[in-house]
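Subject: Structure for your files

Dear colleague,

Here is the structure I said I would pass on.

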Amino acid sequence: MVPFLPISLSDPARGGGCRSLLHLQVPSTEKGTQEEPSEQEMGAQGPAAGWQSLPSQREHSQADLSPSILCPQRLQREKEPSNLNDTIKELFRVVPGNVDPLLGKRSVGCRRCAVVGNSGNLKESSYGPQIDSHDFVLRMNKAPTAGFEAYVGSKTTHHLVYPESFRELGENVSMVLVPFKTTDLEWVVSATTTGTISHTYVPVPAKIKVKQDKILIYHPAFIKYVFDNWLQGHGRYPSTGILSVIFSLHICDEVDLYGFGADSRGNWHHYWENNPSAGAFRKTGVHDGDFESNVTATLASIDKIRIFKGR
């Protein structure tokens with residue numbers, strides 16, 4: 001598998017002087033302790049597994065990309081899914097398959113990551129400088145920074161999106177596509193070339209300005225791993241928030257969460273919106289927000305992450 005694979009959590013060279021994530025255990029279920037994706041699922045493993053530009057055709061057979069492994073492609077509405085293997089081949093004609101986003105950070109002794117959610121609890125929090133002090137800053141979906149720098153910071157290294165949640169990004173920001181359906185992979189090809197896809201189940205940008213060498217793909221098998229093992233099947237599929245958290249656990253020595261959960265008054269809303277129907281998404285059944293919140297709370301209780309709850 002082409003890297004963007006997280007470093008080993010037990011790497012002795014990466015524990016000095018920071019809150020180490022050594023010996024992180026995947027949660028147990030009634031079936032026993034769960035395993036991370038197998039080599040068959042994730043391809044030939046590098047140091048560990050998480051995001052990449054998907055396995056290249058030269059390294060993997062079509063069997064490695066079977067729908068049984070990439071089942072998240074059917075988690076969002078899709079009338080007539082295209083052939084996945086044909087889509088992957090086309091993707092690799094457009095998106096580089098050998099770009100490692102961790103390469104420039106190899107010398108970092110203690111990799112610190114901030115995962116910035118979109119909760120209204122960030123308002124008036126003054127977390128901006130603290131967030132920007134991290135080596136990696138992950139954001140997601142339509143979250144803006146302009147005008148909110150004091151609360152959320154201005155630095156972004158990676159931004160997780162899917163077509164329906166895309167926003168234009170800064171020149172040096174890596175776009176991480178979270179593919180919930182085959183169309184999402186087709187869209188990223190189209191959006192960087194012909195611009196022929198402008199509608200999925202809602203309108204989506206026909207063209208995007210992200211450079212092709214700044215596009216990363218979150219491995220669908222890792223989405224399945226998070227859904228099966230961390231969420232134990234709760235909700236229809238994982239949110240981009242929990243996908244960001246579990247990914248960060250695999251590549252970082254320290255993981256700090258900002259902007260997750262309700263504000264101090266119990267309201268669920270985005271920090272950039274005054275939305276009278278805020279929090280309605282929690283009732284759709286698409287994501288199990290309460291279960292995901294319990295996962296992060298449990299991780300915090302055993303000192304694997306820190307959660308900054310804002311105001």
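In this predicted model, helix 6 (residues 220–230) packs against helix 7 (residues 240–251) at about 100 degrees, and their axes lie 11 Å apart. Helix 6 is therefore roughly perpendicular to helix 7, since angles of 65 to 115 degrees are counted that way. On the helix 6 side the contact consists of Phe-222, Ile-223, Tyr-225, Val-226 and Trp-230; helix 7 supplies Ile-242, Leu-243, Ile-246, Phe-247, Leu-249 and His-250. By class, that contact has 10 nonpolar residues, 1 polar residue and no charged ones.

The second pair is helix 2 (residues 84–94) and helix 5 (residues 182–191), whose axes come within 9 Å and cross at roughly 25 degrees. Helix 2 is thus roughly parallel to helix 5, the cut-off for that term being under 35 degrees. The crossing of helix 2 past helix 5 is left-handed. Helix 2 makes the contact through Leu-84, Thr-87, Ile-88, Glu-90, Leu-91 and Val-94, and helix 5 through Thr-182, Leu-185, Glu-186, Val-188 and Val-189. Here the residues divide into 7 nonpolar, 2 polar and 2 charged.

Asp-135 sits in the loop that runs between helix 3 (128–132) and strand 5 (136–140). With a relative accessible area of 18%, Asp-135 counts as buried, because the limit for that term is under 20%. The Asp-135 side chain reaches the backbone nitrogen of Arg-112 at 2.8 Å.

Regards

Conventions: Residues numbered from 1 in each chain as written. Predicted model: local features only at pLDDT ≥ 70, side-chain atom pairs only at ≥ 80, totals over all residues. Heavy atoms only, no water. Helix = DSSP H or I, 4+ residues; strand = E, 2+ residues; numbered from the N terminus. Buried < 20%, exposed > 50% of the residue type's maximum accessible area, 1.4 Å probe, protein only. Polar contact = N/O pair within 3.5 Å; in protein donor to acceptor, adjacent residues only side chain to side chain. Axes fitted to C-alpha atoms, helices over the stretch in contact; angles between N-to-C directions. Parallel < 35°, antiparallel > 145°, perpendicular 65-115°, else oblique. Contact = heavy atoms within 4.5 Å. Nonpolar A, V, L, I, M, F, W, Y, C, P; charged D, E, K, R; others polar. Left-handed = near helix turned anticlockwise from the far one by under 90°.
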